[in-house]
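Please open the model in your viewer and keep the selection panel at hand. At each stop of this tour you will be told what to select, and then what can be found there.

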Amino acid sequence: MRNLKEMTKYKLYTFIKGNRYAYALAKKVKNNLDYWNANLKQITYVEESVEEKINVKESVTFSILVPLYNTPKEYLKEMIDSVLAQSYKKWELCLLDGSDDKHQYVNEICEEYSQNDDRIKYERINENKGISGNTNECAHMATGEYLVLLDHDDTLSCEALMYNAYWIEKQDADVLYSDEDHISIKGVYTSPFFKPDWSPDLLYSQMYVCHLLVIKRNLFEQIGGFRSKCDGAQDYDLMLRLSSVSKKIVHIPEILYHWRESENSTASSAEAKPYAHEAGRIALDDYLKGKYGTEAFAADGAYTFCYDARFKFDENKKASIIIPMKDKYELTDACVKSIIEKSNYSNYEIIILDNNSEKVDTISWLEKIIKFDKRIRVEKADMEFNWSKINNYGVSLSSGDVFVFLNNDTVIISNDWLERLMENAMRKDTGVVGAMLLYEDDTIQHAGVVVGMNGWADHVFKAQAPVHMTSPFASPALNRNVLAVTGACMAVSRKTWMEIGGFDEEFVICGSDVELGIRAHEKGLFNLYNAQVKLYHLESKSRDEYIPEVDFRKSREAYYVYWEKGDPYYNKNLSLNATRPEAKHVTEVHTSFFTRLKNKVKRYVAKNINLNVDVNANYAIPEIMQIDARKSDYPGIIRLNLLIPSLDQAHVFGGISTAIRFFYALQQAMVCDARIIILDAPYDRKTAIDTPNYISVSANDDFKFSKQIVPFADRFNKTIPVRDKDIFIATGWWTAYNIKSLLEWQAEVYQQDVNPLIYMIQDYEPGFYSWSSRHALADSTYKMDLPVYAVINSSLLHEFLQIRGYKFAKEWSFEPHINEKLAEFLPEDGGKCPKKKQILVYGRPSVERNAFSIIVESLKLWSKEYAYASDWRILSAGEDFPDINLENGVVLHSVGKLSLADYAKMMLDTYAGISLMISPHPSYPPLEMATFGVKVITNKYANKDLGDFNDNVFSIDNTSPEEIAKILCEITGEFKGTSDIYYNQSYVNYNDEFGGIVSEIVSSFREG
């Protein structure tokens, strides 16, 4: 949760673990309440604790260079304090003061700090040599192996040096840069910038590296440090020259630097230092000529501090423009004529590949078009459609130095499109080159491919305006390196083609363009998205949306590595569930932890500092977030939709796992399309459960794919396509509540009866909330004026609901079954099983209905009363928490959430257990423990009594610590080293988990 943590030197996780905030933190919060309010609703910088992530030796010394000039007092102190707060301690701060006589306080402050810490070096200079000269003088003070560039009014994250030390140790980096954000004039942390990994073409467009920049000192000295002729763009000039000699440039995808906005800083306005723009252009021009030869040059870009790197080439070089087509000649005609009419560059050939056109008017057009211009050829491609094979065939017929692959549904916009593609494709360091493609409404269709986006690979900036914009990522109007570009407009030189090979012909329709880009990247080449090359792309007008299974399989093979480790040109902090760059977030919906955290912080601050905070101002119920719909393009096709909180492996257990199994069983029986809609958590293929043959798609798209996953947690101002025959399965009260209005909308829009809602009720959810709004809302979902098909987890819960008077259109119940994977670890024949002196509790402190406080008090009484308690090991599974000291030296130790294998092994070793559930649902842990031979204490509730499950269950009516401790003393006192494993056949039998419910539901829909 980086944006929270960065407002203080102190780590937020200490607060989460129960420690109180220091006054200094409260003061920070006072100054940043607006920021907290804006960002706690949608946590942006999500990460695990650095403490867990990094273990680094303090072997490197960092010299932090800060030239000072009339620095404001408060900013100066904050800058120095941020250095003192570094968790990595091996550093020196080099302060070189060029302030004038009116700012003597700078000297006084620095002298005081340097006297208190000998790592702070302070010197004054008589002559102000400008920012470059002063920084070079500052570097002469340095003795560390690495130099850290810090502006005099900015601040560092408290882990800035530790992260750099880690990556230096891990990758032997000699230049490192990180992500950054801004501190506004009002002191608010804002405008995070999540950068790509090393992207030279983006650097040729703007100085994206910026802060925090860390450089090996001998490398800095090798290139001669800063150059005064580039003052104003001195960092840009330095980075360009460093890139020529660096062996390893590493990007750290963490916000380690806070850039202060001021009236004169470029952080606040790109117009603040107009002289700096020209200094940057001169620096880039010098660099390009040195690297690529005198024909390369830097022109001004369309925006301040943005540049246009150009690479002249021999006009004898020829382009072969390869355009496959089948019928729909009008599209190809517009494409070809736009090439001829718009292109400045004239040395090209157009190869039209006729792939089995059948229509008479198309055949007639093919005969005419070759007469329109002598550079046009029509070649027969008499083969079954295979995009890769057809384009490879086109290459075999070509004579050009650069191959330009074009879809026939593209139209040229920019006159210099062809020379820009060619000049970059022929660079020795470039792989494939792509363009900015626009929809007919002038919004972006393609601005580079991100592998992993929306589950497979997708186009970033889709449907956004094609303008220079501020975003958490780079601008779509700037050139940048990418992992892949679309084959709808792709250029590659013949030389590169021969080096990396052509399109993989095992792909049939899509994926081979991305795979070619990946192959070029893995050869050490840089693929380029060139934003200055613009075309219209009338996507899908020349083909249907069918994608064969082989393309999914081949794409999976090609993309898998980047699904695992991330697309290097798209920051890991950016969401892959949206094509518009936005920070990853932990959604507020049904994630009450962050709501509780926000309110707790507000109350603490309001109590300790007079902030006039109205802690009750927000009455919103986070679980209620409407699901808005729009009409689908594919009515009449039945589709089963599962509304589910998460697919993350950490969340899919118990009720969610059961719901998914039910969904799979029902979908298979209905023989229909299927869609999983994730309502509460982000979707990350790397951490999600395996969902074979399901494709992740954006809610913005409406595809005909038969099996889809739609991440829809971030649904504010968004809609999801809904068919007339969409059937929904609700899995929690809030999913049922939120889908109700959609079902009514569906009936009204399609002029039909309301479709039945299948409602999986797996506990009495109103009971989760004591006499509250949520209690009433959960209760209301059992009384909806809809045809509800209730599928209830256990006859005991079904009976409880009937006792309370709830009635549904149709209702069924099924009995709990052991997890199929867990069952694999059970001894085949049961019988006696060796046991250790070990007690296992199901401990979830954050879930009130699991009565963790009662369990702890029970164990304290037991460890005090049972003479041999110290011989026993007490473990808790389910949730992480610090060790809890009981009595007589006995400790309750959390093992957190275990894998199924580890959980099974632990149960096989364990003799006694405690698992409480203050609800009518027979929770899974006591049944699992009892089946694995654990003598488990659990509680009765209303009509629930698990005592008949098997002889290992101790079902108690009095759920008090005294009663539990008493029974536990009896159980542990009878320990003999073994325990009996009893198989409840209805529990372990997996042949028909849902007991005919599926077939009855299918029959009900067919009758309807």
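Helices (H or I, at least four residues) and strands (E, at least two) are DSSP runs, numbered from the N terminus. This is a predicted model, in which local features need pLDDT of at least 70 and side-chain atom pairs count only at pLDDT 80 or more, while totals for chains, interfaces and linings use all residues. Residues are numbered from 1 along each chain as its sequence is written, and side-chain values use heavy atoms, with hydrogens and water left out.

**The whole protein**

Begin with everything displayed: the protein has 32 helices and 42 strands. Of its 1008 residues, 59% are buried, where buried means under 20% relative accessible area, exposed means over 50%, and partly exposed lies in between (1.4 Å probe, protein chains only). Contact means heavy atoms within 4.5 Å, and among contacts between residues at least 6 apart in sequence, 75% join residues at least 24 apart.

Most residues other than glycine have a negative phi, and most peptide bonds are trans. Now select Asn-70, in the loop between β1 (62–68) and α6, which has a positive phi of about 50° although it is not a glycine. Is Asn-70 buried or exposed? Its relative accessible area is 16%, so Asn-70 counts as buried.

Select Asn-693 next, in the loop between β26 (673–678) and β27; Asn-693 also is not a glycine, and it has a positive phi of about 70°. Asn-693 has 44% relative accessibility and therefore counts as partly exposed.

Then go to His-211 and Leu-212, which are joined by a cis peptide bond with an omega of about -10°. Leu-212 has its place in the loop between α10 (200–205) and β8 (213–216).

**Two pairs of helices**

Two packed helices are described by the angle between their axes and the distance between the axes. Axes are lines fitted to C-alpha atoms, for helices over the stretch in contact, and angles run from 0 to 180 degrees between N-to-C directions.

Select helix α6 (residues 73–84) together with helix α7 (residues 104–116), whose axes come within 10 Å and cross at roughly 20°. The two helices α6 and α7 are therefore roughly parallel to each other, since angles under 35 degrees count as roughly parallel, over 145 as roughly antiparallel, 65 to 115 as roughly perpendicular and the rest as oblique. The contact is made by Lys-73, Leu-76, Lys-77, Ile-80, Asp-81 and Leu-84 on the side of α6, and by Tyr-105, Val-106, Ile-109, Cys-110 and Tyr-113 on the side of α7. These residues divide into eight nonpolar, no polar and three charged, where Ala, Val, Leu, Ile, Met, Phe, Trp, Tyr, Cys and Pro count as nonpolar, Asp, Glu, Lys and Arg as charged, and the others, Gly among them, as polar.

For the next pair, select helix α19 (residues 512–522) and helix α20 (residues 549–565), which pack at an angle of about 55° with their axes 10 Å apart. What is the orientation of α19 and α20 to each other? They are oblique, as follows from that angle. Val-514, Glu-515, Ile-518, His-521 and Glu-522 of α19 make the contact with Ala-558, Tyr-559 and Tyr-562 of α20, and by class this contact has five nonpolar, one polar and two charged residues.

**A helix against strands**

Select helix α25 (residues 795–803), whose buried residues are Leu-796, Leu-797, His-798, Phe-800 and Leu-801. These buried residues of α25 pack against β31 (757–761), β32 (788–793) and β33 (810–814). Just after α25, Gly-805 takes a positive phi of about 90°.

**Buried side chains and their partners**

A polar contact is a pair of N or O atoms within 3.5 Å; within protein, one must be able to donate a hydrogen and the other to accept it, and residues adjacent in sequence count only if both atoms are side-chain atoms.

Select Asn-481, in strand β21 (residues 480–482), which counts as buried at 1% relative accessibility. The side chain of Asn-481 makes a polar contact of 2.7 Å with the side chain of Asp-201, and a polar atom of the Asn-481 side chain lies 3.1 Å from the backbone oxygen of Asn-527.

Finally, select Asp-333 in helix α14 (residues 329–342), a residue that is buried, with a relative accessible area of 17%. Which residue's side chain is joined to that of Asp-333 by a polar contact of 2.8 Å? The partner is Trp-365.
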